[in-house]
Amino acid sequence: MTLDTATPRTNLLGLTREEMEAFFVSLGEKKFRAAQVMKWIHHEGCDDFESMTNLSKALRTRLEELAEVRGPRVVYEGASEDGTRKWVLEVEDGSYVETVLIPAEGGKRRTLCVSSQVGCSLDCSFCSTGKQGFQRNLTSAEVIGQVWVASNSFGARRDSTNRPVTNVVMMGMGEPLMNYNAVVPAMKLMLDDNGYGLSKRRVTLSTSGVVPMIDKLGDELDVSLAVSLHAANDELRNELVPLNRKYDIATLLDACRRYLAKCDDTRMLTIEYTLIKDVNDQQRHAEELSTLLEGLPCKINLIPFNPFPHSGYEKPSRNQVMRFQQWLEELGHTAPVRMTRGDDIDAACGQLVGRVKDRTKRHERYIQSIQIDAD
Ligand code: SAH
Ligand code: SF4
């Protein structure tokens, strides 16, 4: 194999079908090579052109010179007794991100929580990712690489009858709509039959409310949308989610309505509501939330606050969480409570991440608590 070190090789892992076709056309090859190579990468977990036996020897040699399939390096892999699995991944500049796979329904559903950025610039007051500041956007290869690594760890080839990952939620580290240009191609690969073949209802993007990008996303894709609301009035939301000062609640919910209207099927919005003791967990908050959401097709995911050092916030008692849920249900809402999963690997992995790089430690606790039940 001859390596031209002056020209970086194209990483095929993050290319959408259109981009892959353009790549092969630029080599003077037929477009259908794109589907062949995508299947090798995403269905077979293959990163070695030599093994892609339905390509000619000459093309394989050329690909070795010009291209590569490079996923994130697995620094740690853990499995919990309840079936939760997690990976600490090293991405290109030595930063770390975490990916968690959460099983449900007796293993029928396996939801992967995927990160979009290292850190986050939006500085929500109750989020330790925000407190760490923003380091950089992940590339599309690094975003889809998380799905690739999780799927590969199951070994067997995947197709429509065997999917190690059945659902994806963009609820890991970072704000996906602040990294639109990498996140959208990665989500296209999640949906593509030559990629992961997931239905659009099973891929969820969570946003703190980047309104113009919600509109843009609605023009391109109709994946499920989750909105991190956490407060039903602007005064409180300005405090919790500073982005609210730019796009207030009414503006945000209007964008959500426009998004749902663009979906070609009946779709529900997911409202994420992190319950913080004495901040947003009282009966008047539930009533205000209920009034605000009247007429909006949505369900409310209640997430008890996951404490981290110096946050200044506390987790409400279990009873208070249950009371809050009951108030919402009495007002006619669906409001599941999302409980922490994978406790038995929490400590081990937490320690490991702590040794590797402390900045992901709180986040790893948080993402285990997430479970979105797209159908
Ligand atoms: N940036 C996106 C997606 C990543 S955060 C967003 O904000 O939606 C995923 C979810 O975790 C969001 O609903 C966020 O508000 C919530 N979250 C962040 N820190 C938390 C904490 N300490 N406890 C509970 N939920 C938290
Ligand atoms: Fe960023 Fe989401 Fe954390 Fe806010 S909650 S700081 S948007 S990752």
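Select tyrosine 273 and phenylalanine 324: both residues are buried. The model you have open is a predicted one.

Keep these two residues selected and look at their rings. The ring centres of tyrosine 273 and phenylalanine 324 are 5.3 Å apart and the planes meet at 20°, so this pair counts as stacked, since planes under 30 degrees apart are given that name. Now colour by secondary structure. Tyrosine 273 belongs to strand E12 (residues 269–275) and phenylalanine 324 to helix H11, so the pair links distant parts of the chain, 51 residues apart.

Next, select phenylalanine 305 and phenylalanine 308. Their rings form a tilted aromatic pair, with 6.1 Å from centre to centre and 55° between the planes. Phenylalanine 305 has a relative accessible area of 1% and is therefore buried. Phenylalanine 308, with a relative accessible area of 11%, is buried too; the cut-off for buried is under 20%. In total, the structure holds five aromatic pairs.

Move on to phenylalanine 154 and show arginine 85 and arginine 110 with it. The charged end of arginine 85 sits over the ring of phenylalanine 154, 4.6 Å from the ring centre. Arginine 110 also lies over the face of phenylalanine 154, at 5.9 Å from the centre of the ring.

Last stop: arginine 338. Find it in the loop that runs between helix H11 (318–330) and helix H12 (343–356). Is arginine 338 buried or exposed? Its relative accessible area is 10%, so arginine 338 is buried. Show asparagine 301 as well: a polar contact of 3.2 Å joins its side chain to that of arginine 338.

Technical notes. Residues are numbered from 1 along each chain as its sequence is written. Chains are lettered from A and ligands numbered from 1 in the order in which they are written. This is a predicted model: local features need pLDDT of at least 70, side-chain atom pairs count only at pLDDT 80 or more; totals for chains, interfaces and linings use all residues. Side-chain values use heavy atoms; hydrogens and water are left out. Helices (H or I, at least four residues) and strands (E, at least two) are DSSP runs, numbered from the N terminus. Buried means under 20% relative accessible area, exposed over 50%, partly exposed in between (1.4 Å probe, protein chains only). A polar contact is a pair of N or O atoms within 3.5 Å; within protein, one must be able to donate a hydrogen and the other to accept it, and residues adjacent in sequence count only if both atoms are side-chain atoms. Rings of Phe, Tyr and Trp (its six-membered ring) pair if their centres lie within 6.5 Å; planes under 30 degrees apart count as stacked, over 60 as edge-to-face and the rest as tilted. A charge sits over a ring if NZ of Lys or CZ of Arg is within 6 Å of the ring centre and within 35 degrees of the ring normal.
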